[in-house]
Amino acid sequence: LSYLTKIKKLERKYFLQILLIAVLISIIGFYLSIFFSEYALMRLYPKWANESLDIMYYTTGAAMISLVSSAINPIVLRFCRKSLQIFINAIYLVSYVGLSLLFLHIGGLTGFCIGILISKIIYLTIKILVFFAYSYREV
């Protein structure tokens, strides 16, 4: 983070490298989490394990997308206008609440988890698009 305060402009290739590393870590984390969660759920909560396994892929996916989003967040904060942060977070809030409630109504708890996953994908996509839209300017 201290490196980010010193530089005036971040080249797109460095952003893509950070994004790629975060995506690779999240893919590894996704599979490790799925592997160990199935075992842990069966051992710790045998009564609820089968129901939990139904939503585990969605919740783990949402967590891994949050990991990627958190990895690029300092970069987006540093190199984009502050007013865009309000815009990005407002879209995230609306999509999170709207999609999770919509999908909750359609599919119950599984639908709720799908709605959250979709809202996190939207949030990450917007962050990436905003960075590329404003990465040409110096801070």
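Which helix gives the most to the lining of the largest pocket? H2 does, with 5 residues. The legends below describe close-up views of this predicted model.

**View 1. Overall fold of the protein chain, with 4 helices and 0 strands.** Read from the N terminus, the elements follow the order α-α-α-α. Of the 139 residues in the protein chain, 37% are buried. Among contacts with a separation of 6 or more, 76% join residues 24 or more positions apart. The protein chain exposes about 8,700 Å², and 71% of this area comes from carbon and sulfur atoms.

**View 2. The largest pocket, holding about 160 Å³ of space.** Three helices each supply at least two lining residues: H2 (12-44), H3 (49-79) and H4 (82-134). The lining consists of Leu19, Val23, Ser26, Ile27, Phe30, Gly61, Met64, Ile65, Val68, Leu124 and Ile128. By class, 9 of these residues are nonpolar and 2 are polar.

**View 3. Ser26 of helix H2, a residue in the lining of the largest pocket.** Ser26 counts as buried because its relative accessibility is 7%, and the cut-off for buried is under 20%. Leaving aside residues up to four places away in sequence, Ser26 touches Met64, Leu67 and Val68. Two of these partners, Met64 and Val68, also line the largest pocket. The C-alpha atoms of Ser26 and Val68 are 6.9 Å apart in space, while the two residues are separated by 42 residues in sequence.

View 4. Is Ser100 buried or exposed? Ser100 is buried, because its relative accessibility is 4%. The side chain of Ser100 reaches the backbone oxygen of Tyr96 at a distance of 2.5 Å. With residues up to four places away in sequence not counted, the contacts of Ser100 are Ser95, Phe112, Gly115 and Ile116.

**View 5. Ser26 and Ser100, two buried serines.** Relative accessibility is 7% for Ser26 and 4% for Ser100. The contacts of Ser26 include Met64 and Leu67, whereas those of Ser100 include Phe112 and Ile116.

Methods: Residues numbered from 1 in each chain as written. Predicted model: local features only at pLDDT ≥ 70, side-chain atom pairs only at ≥ 80, totals over all residues. Heavy atoms only, no water. Buried < 20%, exposed > 50% of the residue type's maximum accessible area, 1.4 Å probe, protein only. Contact = heavy atoms within 4.5 Å. Areas by Shrake-Rupley, 256 points an atom, 1.4 Å probe, with all protein chains shown as cover. 1 Å grid on protein atoms, 1.4 Å probe; cavity = no way out; pocket = protein on both sides within 12 Å on 5 of 7 lines; lining within 4 Å. Points joined across faces, edges and corners; volume = space filled by probe spheres on them. Nonpolar A, V, L, I, M, F, W, Y, C, P; charged D, E, K, R; others polar. Polar contact = N/O pair within 3.5 Å; in protein donor to acceptor, adjacent residues only side chain to side chain.
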